Amino acid sequence: MSVQVIPDKSIRICADRGGTFCDVHASFPDPEKPHERKEVVVKLLSQDPANYSDAPTEGIRRVLEIATGERIPRGTILNTDKIDYIRLSTTVATNALLERKGHKHALLITRGFKDLLLIGNQSRPKIFDLNIRRPPPLYSTVLEVDERVTLVGYTSDPKAEAHAVQFDEAGKVKRGYRGAGWDGQGHAEGPGEVVQGLSGEAVRILQRPDLVKVREDLQKLFDEGYRSIAIVLAHSYTYPEHELQIAALARTLGFQHVSASSQLLPMIKMVPRGVSSTADAYLTPVLRQYLDGFFSGFDEKLRDGKVRSPRVEFMGSDGGLLDLNNFSGLKSILSGPAGGVVGYALTSWDEERKIPVIGIDVGGTSTDVSRFAGRYEVVYETTTAGVTIQSPQLDINTVAAGGGSCLTFRNGLFLAGPHSAGAEPGPACYRKGGPLAVTDANLILGRLVPDYFPKIFGKSERESLDIEASRAAFDGLAQEINATVSEDKKMDLDEIVYGFIKVANETMCRPIRALTEARGYATSKHILATFGGAGGQHACDIAQLLGIKTILIHHYSSILSAYGLALADRAYELQEPSSTFYTPENRGVLRARLDKLDAQVREELGRQGFEGSRVHAERMLNMRFDGTDTSLMVLPSPDDGDGHEDFEAAFRRVYKAEFGFLLEKKAIIVDDIKVRGIGKTFDSLGESVFKEVAQIVTRKVDPAKADSTYSVYFDGVGRVRETPVFLLSSLHVGDTVKGPAMIIDNTQTIVIIPGATAVLTSKHLYITLE
């Protein structure tokens with residue numbers, strides 16, 4: 001290796017640790033052309049305990065070797081002087097939740113509500129199941145706290161505003177409650193100090209917590225080995241004082257992680273707020289433990305947070321980057337797939353054409369599907385592994401069908417998934433004695449060519465895919481299948497193998513239809529952006545099933561989750577509870593509260609290095625019709641109402657789109673006020689792929705330019721023995737490849753079916769179907 005001089009703080013590294021592979025994308029100044037950046041891609045197995053303990057650290061070590069030209073032995077503490085930033089997405093918290101391997105923790109809750117989270121919200125997802133198996137709660141024990149606050153008045157009072165407690169500007173009671181139940185003497189329905197909550201509501205303090213008793217109870221928990229707690233007290237979203245006192249007390253006793261629901265999620269509804277807090281207390285310690293291990297592979301500068309030190313940023317579930325202080329278990333549940341959504345959204349969207357894009361990430365273990373129509377689609381309540389969590393997350397639908405999905409034949413049915421071969425042992429062809437998987441099927445059909453596939457398999461990590469192991473396993477399965485049918489219905493090996501691919505493709509189409517047709521969008525009027533290691537092998541088949549005519553495959557599609565990290569923006573958001581009607585009179589007050597949060601968000605992003613035009617703020621209200629409990633987070637557009645943040649017009653538009661009707665005579669209530677600040681990583685990503693295609697001069701590629709030919713099976717055509725195999729690196733912008741063909745680079749194989757045409761652009765393969 002020749003040593004190369006790389007400037008300090010110049011290497012930018014993004015690592016995505018998935019279920020099967022860990023992908024690393026890095027860039028650094030080209031030593032031969034200092035004004036240009038050289039890009040490097042490293043792909044390695046997520047788990048390979050015989051060779052390394054942590055995949056992202058190993059990937060970064062390999063990047064540093066490539067960039068500096070110096071040999072760095074495994075196990076060395078890595079020097080970070082040359083690193084500008086490291087951006088990580090991880091599935092550690094997701095896997096801990098799915099596998100129920102989180103951290104033991106205790107729940108502290110208001111006395112009398114001990115079983116609240118166990119009872120839940122009475123929903124019955126499997127109403128006809130005779131043997132309901134409810135997932136157990138995440139917490140291990142419950143400690144009831146003898147404290148109580150209540151709200152003054154009644155939500156169903158038709159004259160609630162007239163009867164409500166009135167406060168002066170300092171928050172002191174100016175006039176007490178005057179509605180039904182008033183005791184005629186004090187400020188409320190009974191004794192107890194009345195204070196103004198964060199939401200503006202009047203809160204009556206019935207009993208303050210006995211901190212001496214709480215301290216004794218916490219000490220017992222600590223002595224029993226608990227180091228993580230979740231605190232969920234009634235009405236703490238508007239009056240967090242009691243939670244804050246207990247949280248401070250717990251920290252002085254040595255509890256390493258404290259999830260106070262009022263700080264984590266200051267929203268009304270105690271059950272989702274409570275479940276989210278227990279999820280955070282369950283997952284964050286596991287995440288921190290993983291991150292401690294990650295940081296231990298580097299020198300101390302990586303973690304000290306100083307301006308001159310390299311930055312470490314994490315992908316949050318909502319598609320924004322977070323610093324170490326703001327990253328938690330609750331915000332990392334969709335950390336892995338979020339990078340891919342950012343990647344395809346920013347590289348596939350055209351602001352002028354505005355054609356919505358479906359992103360499909362076909363990974364090793366699962367397939368993640370999302371939709372982008374100019375703005376990330378975010379949901380605020382999701383259920384993962386039976387746990388309903390309130391936290392902003394990208395709207396991603398996942399199915400257990402990917403390259404590692406196990407293929408089985410049961411009761412006359414071809415099955416693909418839900419079980420996965422994972423990275424260890426992996427599919428049969430990985431040379432570790434694994435089961436048959438989708439990857440084996442693609443290998444047998446010729447859609448993967450062992451000579452071009454990375455040689456990272458076997459005990460030495462230097463062997464190629466083992467096609468004979470796949471063929472032997474499929475031969476046995478074919479005999480089993482043909483033994484169940486009559487002589488005239490027996491199938492040859494290719495038909496059986498492609499049958500499994502068809503099942504896997506249909507499984508992948510299911511969540512796409514849920515995101516489009518089920519919500520009133522025509523699936524065929526979308527563009528399909530496929531990525532993930534197995535995306536290129538299935539793209540054309542899936543588009544054909546859905547009636548989609550245009551496919552975009554980015555040059556980095558097989559590592560797009562890592563590449564998306566390089567494009568992602570820094571995000572920081574603040575939220576406050578509210579409890580007010582949306583009226584012309586209140587509009588100014590709500591706008592003033594938004595202005596206050598806006599200023600705080602910009603100040604924090606300024607501290608993180610984003611200022612001026614690089615900061616964009618989204619101002620939202622969480623609104624609902626009076627008498628309903630379904631609130632919607634509303635972001636007004638310039639086309640709504642008077643064009644000046646007309647939240648009422650925006651709410652009516654969003655509500656009508658979601659439910660198909662409006663409650664015209666109902667008043668509108670604002671439950672929450674929220675500002676999301678975005679610090680832009682790039683001012684512009686250049687012209688869109690569609691503009692490039694419109695201007696490009698295309699030319700048909702001479703078949704002689706193919707690097708080789710290979711026998712590939714196609715639906716309806718059968719085996720095409722001389723299918724041309726083109727190397728992506730040997731093609732030039734404007735080159736046009738007609739199917740049947742395959743295009744291959746170091747990290748992916750793209751199958752072009754008969755009737756499809758692929759045009760190479762500067763950053764994409766632009767595929768059209770007849």
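Modeller: In this predicted model, Arg431 forms a salt bridge with Glu463, and their closest N and O atoms lie 3.5 Å apart. This pair links distant parts of the chain, since Arg431 sits in the loop between strand E22 (413–420) and helix H10 (438–444), while Glu463 belongs to the loop between H10 and helix H11 (467–482), 32 residues apart. Arg431 is partly exposed, with a relative accessible area of 33%, and Glu463 is partly exposed as well, at 32%. Elsewhere, salt bridges that share partners join Arg12, Asp84, Arg87, Arg311, Glu313 and Arg570 into one network. Within that network, the side chains of Arg311 and Glu313 meet in a salt bridge with an N to O distance of 3.3 Å; Arg311 is partly exposed, at 34% relative accessible area, whereas Glu313 is buried, at 1%.

A further pair joins Glu58 to Arg74, with 3.1 Å between the closest N and O atoms. Glu58 counts as buried because its relative accessible area of 4% falls under 20%, while Arg74, at 38%, is partly exposed. These pairs are among the 52 salt bridges that the structure holds. As a general point, side chains of opposite charge can pair when their charged atoms come close.

Methods:
Residues numbered from 1 in each chain as written. Predicted model: local features only at pLDDT ≥ 70, side-chain atom pairs only at ≥ 80, totals over all residues. Heavy atoms only, no water. Salt bridge = Lys/Arg side-chain N within 4 Å of Asp/Glu carboxyl O. Buried < 20%, exposed > 50% of the residue type's maximum accessible area, 1.4 Å probe, protein only. Helix = DSSP H or I, 4+ residues; strand = E, 2+ residues; numbered from the N terminus.
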